[in-house]
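Here is a short tour for a reader new to this structure. Take a look at the fold, then read on.

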Amino acid sequence: MASDLFALTFALVNAVAVLIIACPCAMGLATPTSIMVGTGRAAELGILFRKGEALQSLREADVVALDKTGTLTKGRPELIDLIVRDGYTVHEVLGLIASVEALSEHPIAEAIVAAAKERAISLQPVTEFQATPGFGIEGTVDGREVLVGADRALQKVGIDLLEVIEQAAALGDEGKSPLYAAIDGRLAAIIAVSDPVKETTPAAIKALHALGLKVAMITGDNRRTADAIARQLGIDEVVAEVLPEGKVDAVKRLRSGERKVAFIGDGINDAPALTEADVGLAVGTGTDIAIESADVVLMSGDLNGVPKAIALSKATIKNIKQNLFWAFAYNVSLVPVAAGVLYPINGTLLSPVFAAGAMAMSSVFVLGNALRLRRYQAN
């Protein structure tokens, strides 16, 4: 009878020790604590992860695709050149096109209107105004039909640009965006607009390359202008002459070969592409629609937040793996001991008290390791 009671007590004590050791606290804490601390540290760095999954999936990106206007550049174009054709004057053409552009909300329109105001050129009333996204705008000013837009806009209405192709190409090679103005169905001028690159953009692209990523640019600019900017910044791939509704297809093309694409944009027409990308990042200085469509928001317009977000994502996943390794190694090594595997060899048993201490130590280790992310410093 006494031996049976001893055996029951012996079994019960070891069973309790096994239950305590096998408590999955460490495994349950391994992932959520790292994600919580990682997202908190990201917020301190000006990066808002709107979805926890984005913190884990961002590290898998192979290509970082960036919209040009407002993302790579300041989004505040400046009128650099206005080359008028025979029979027209700069004052006349600028007055007509600025009058039409005053009704547009496009950044290029603002640059043209600002140039007219600097020259004290007064704007005139406009009728029959029409804007076609990706092409241009048109309207009637003082009885004269004015059309301003890309080459495809003028070619659409049958205006020949053959005589000015070389001039436009030269402007494009300088990184300027050539546009065209037609008055009463005749080509009147070539307009060269330049959007200055943000001061922080070159460093951000260099940091992305240091992480082993390819950098792509998606833009509606003509091929020559886009290639010139890409050479200047060291961008690997260029998708040029993309209409606003074509950015989704551009992201799909970049995804070829099973590559993961992270897309960064700031405008209304970037929203579908932000949703289509594996991870969408919105510039915090952009539109509300872009921010709502993104998985990650860069609170400032500084693109250095992109490599920081990717590096932090990698650091967080590494931290999670460390936590899980510890939690599994702890269980695999101590559960057999608690079950008495060493008892027949040297009489070693694990007291429930020590088992509780080991279980608590495991949880503390996981929490302490996760909290190391609070000291993460982005390079």
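## The six-stranded sheet

In this predicted model, six strands form an open sheet with antiparallel pairing. Their order is β3-β8-β7-β6-β5-β4. Strands of a sheet pair through backbone hydrogen bonds, either parallel or antiparallel. Which strands stand at the edges? They are β3 (78–84) and β4 (126–132). Each has a single partner strand, so one side of each is left without a neighbour in the sheet. On average, neighbouring strands of the sheet are turned by 20° against each other, direction ignored.

One pair can be followed in detail. Strand β6 covers residues 144–149, and strand β7 covers residues 177–183. The two pair in the antiparallel sense over four bridges. Val 148 has Ala 181 in β7 as its bridge partner.

## Helices α5 and α6

Two packed helices are described by the angle between their axes and the distance between the axes. Helix α5 spans residues 90–101, and helix α6 spans residues 107–118. Their axes come within 9 Å and cross at roughly 135°. Angles over 145 degrees would count as roughly antiparallel, so α5 and α6 are oblique to each other. The crossing of α5 and α6 is left-handed.

Which residues make the contact? From α5 come Leu 94, Ile 97, Ala 98 and Glu 101. From α6 come Ala 109, Ile 112, Val 113, Ala 115 and Ala 116. By class, the contact of α5 with α6 has eight nonpolar residues, no polar ones and one charged residue.

## Helices α8 and α10

Helix α8 (residues 165–173) meets helix α10 (residues 223–233). The axes of α8 and α10 come within 7 Å and cross at roughly 20°. That angle makes α8 roughly parallel to α10, because angles under 35 degrees count as such. The crossing of α8 and α10 is right-handed.

On the α8 side, Ala 169, Gly 172 and Asp 173 make the contact. On the α10 side, the residues are Arg 224, Thr 225, Ala 228 and Arg 231. By class, the contact of α8 with α10 has two nonpolar, two polar and three charged residues.

## Thr 71, a buried residue

Thr 71 sits in helix α4 (residues 68–72). Is Thr 71 buried or exposed? Its relative accessible area is 0%. Buried means under 20%, so Thr 71 is buried.

What does Thr 71 touch, not counting residues up to four places away in sequence? The list is Leu 66, Lys 198, Thr 201, Ile 264, Gly 265, Asp 266, Val 283 and Leu 303. Gly 267 is 196 residues from Thr 71 in sequence. In space, Thr 71 and Gly 267 are 9.0 Å apart, C-alpha to C-alpha.

## Two loop residues with positive phi

Asp 142 lies in the loop between β5 (136–141) and β6. Asp 142 is not a glycine, although its phi is positive, at about 50°. With a relative accessible area of 63%, Asp 142 is exposed.

Glu 241 belongs to the loop between β10 (237–239) and α11 (247–254). Phi of Glu 241 is near 55°, a positive value in a residue other than glycine. Relative accessibility is 43% for Glu 241, which counts as partly exposed.

Technical notes: Residues are numbered from 1 along each chain as its sequence is written. This is a predicted model: local features need pLDDT of at least 70, side-chain atom pairs count only at pLDDT 80 or more; totals for chains, interfaces and linings use all residues. Side-chain values use heavy atoms; hydrogens and water are left out. Axes are lines fitted to C-alpha atoms, for helices over the stretch in contact, and angles run from 0 to 180 degrees between N-to-C directions. Angles under 35 degrees count as roughly parallel, over 145 as roughly antiparallel, 65 to 115 as roughly perpendicular and the rest as oblique. A crossing is left-handed if the near helix is turned anticlockwise from the far one by less than a right angle, and right-handed if clockwise. Contact means heavy atoms within 4.5 Å. Ala, Val, Leu, Ile, Met, Phe, Trp, Tyr, Cys and Pro count as nonpolar, Asp, Glu, Lys and Arg as charged, and the others, Gly among them, as polar. Two strands pair if DSSP finds at least two bridges between them. Buried means under 20% relative accessible area, exposed over 50%, partly exposed in between (1.4 Å probe, protein chains only).
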